[in-house]
Amino acid sequence: QVQLRESGGGSVQAGGSLRLSCASFGHASSDYIVAWFRQAPGKEREFVAAIRWSGASQYYRDSVSGRFAISRDNANNSVYLQMNSLQPEDTAVYYCAARGRPIYDASWPTASSWYAYWGQGIQVTVSS
């Protein structure tokens with residue numbers, strides 16, 4: 001059973017930066033996709049970025065590409081989301097999610113329903 005735990009959220013002014021961390025416990029498979037989602041009040045949960053546990057492949061939603069960077073530290077079983085040039089519209093609860101994925105499958109699942117494991121979520125607030 002995989003458990004995920006987010007940390008690093010908080011409040012920042014527009015233009016500022018935050019770094020989110022996702023620690024993974026009980027990680028058994030050799031390849032996972034780990035993703036970040038976010039959910040603003042009154043809105044659906046949306047995909048932000050994803051990374052494969054093996055290899056260097058990453059995938060981003062268009063609105064964060066060039067501002068956010070996802071990375072991983074296999075030795076510490078952690079995935080990070082560096083968020084720069086934050087804007088008020090980035091305000092949301094951010095979730096870490098994961099699911100095992102065959103190495104030969106190169107597609108990027110962006111639907112929240114596909115992911116099997118979720119963290120509890122962490123608040124990010126960007127003020128103007």
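**Surface.** I began with the accessible surface of the protein, which comes to about 6400 Å². Carbon and sulfur atoms account for 45% of that surface. I note here that this is a predicted model.

**Burial.** I then looked up how much of the chain is covered. Of the 128 residues in the protein, 42% are buried, taking buried as under 20% relative accessible area.

**Overall form.** I asked what radius of gyration the protein has. The value is 14 Å, and it agrees with the figure near 14 Å for a compact globule, because that is what the rule gives for 128 residues. Along the principal axes, the C-alpha atoms fill a box of roughly 45 × 25 × 25 Å.

The pattern along the sequence is accordingly written β-β-β-β-β-β-β-β-β-β-β. I also checked the contacts between residues at least 6 apart in sequence: 59% of them join residues at least 24 apart.

Rolling a probe the size of a water molecule over the atoms shows where empty space is left. I searched the whole structure for cavities of 30 Å³ or more and found one. The largest cavity has a volume of about 50 Å³.

**Lining.** Which residues lie nearest the centre of the largest cavity? I wrote down Leu4, Ser24, Val34, Trp53 and Ala98, out of 11 lining residues. By class, I listed nine nonpolar residues and two polar ones in the lining, with no charged residues. I noted three strands that each supply at least two residues of this lining: β3 (18-25), β4 (32-39) and β9 (92-100).

Conventions
Residues are numbered from 1 along each chain as its sequence is written. This is a predicted model: local features need pLDDT of at least 70, side-chain atom pairs count only at pLDDT 80 or more; totals for chains, interfaces and linings use all residues. Side-chain values use heavy atoms; hydrogens and water are left out. On a 1 Å grid over the protein atoms alone, a cavity is a set of points where a 1.4 Å probe fits but cannot get out, and a pocket is an open set with protein on both sides within 12 Å along at least five of seven lines; lining residues have an atom within 4 Å of a point. Grid points are joined across faces, edges and corners, and a volume is the space filled by probe spheres set on the points. Helices (H or I, at least four residues) and strands (E, at least two) are DSSP runs, numbered from the N terminus. Ala, Val, Leu, Ile, Met, Phe, Trp, Tyr, Cys and Pro count as nonpolar, Asp, Glu, Lys and Arg as charged, and the others, Gly among them, as polar. The radius of gyration is taken over C-alpha atoms; the globule rule is 2.2 Å times the number of residues to the power 0.38. Buried means under 20% relative accessible area, exposed over 50%, partly exposed in between (1.4 Å probe, protein chains only). Contact means heavy atoms within 4.5 Å. Accessible areas come from the Shrake-Rupley method with a 1.4 Å probe; for residues, only the protein chains shown count as cover.
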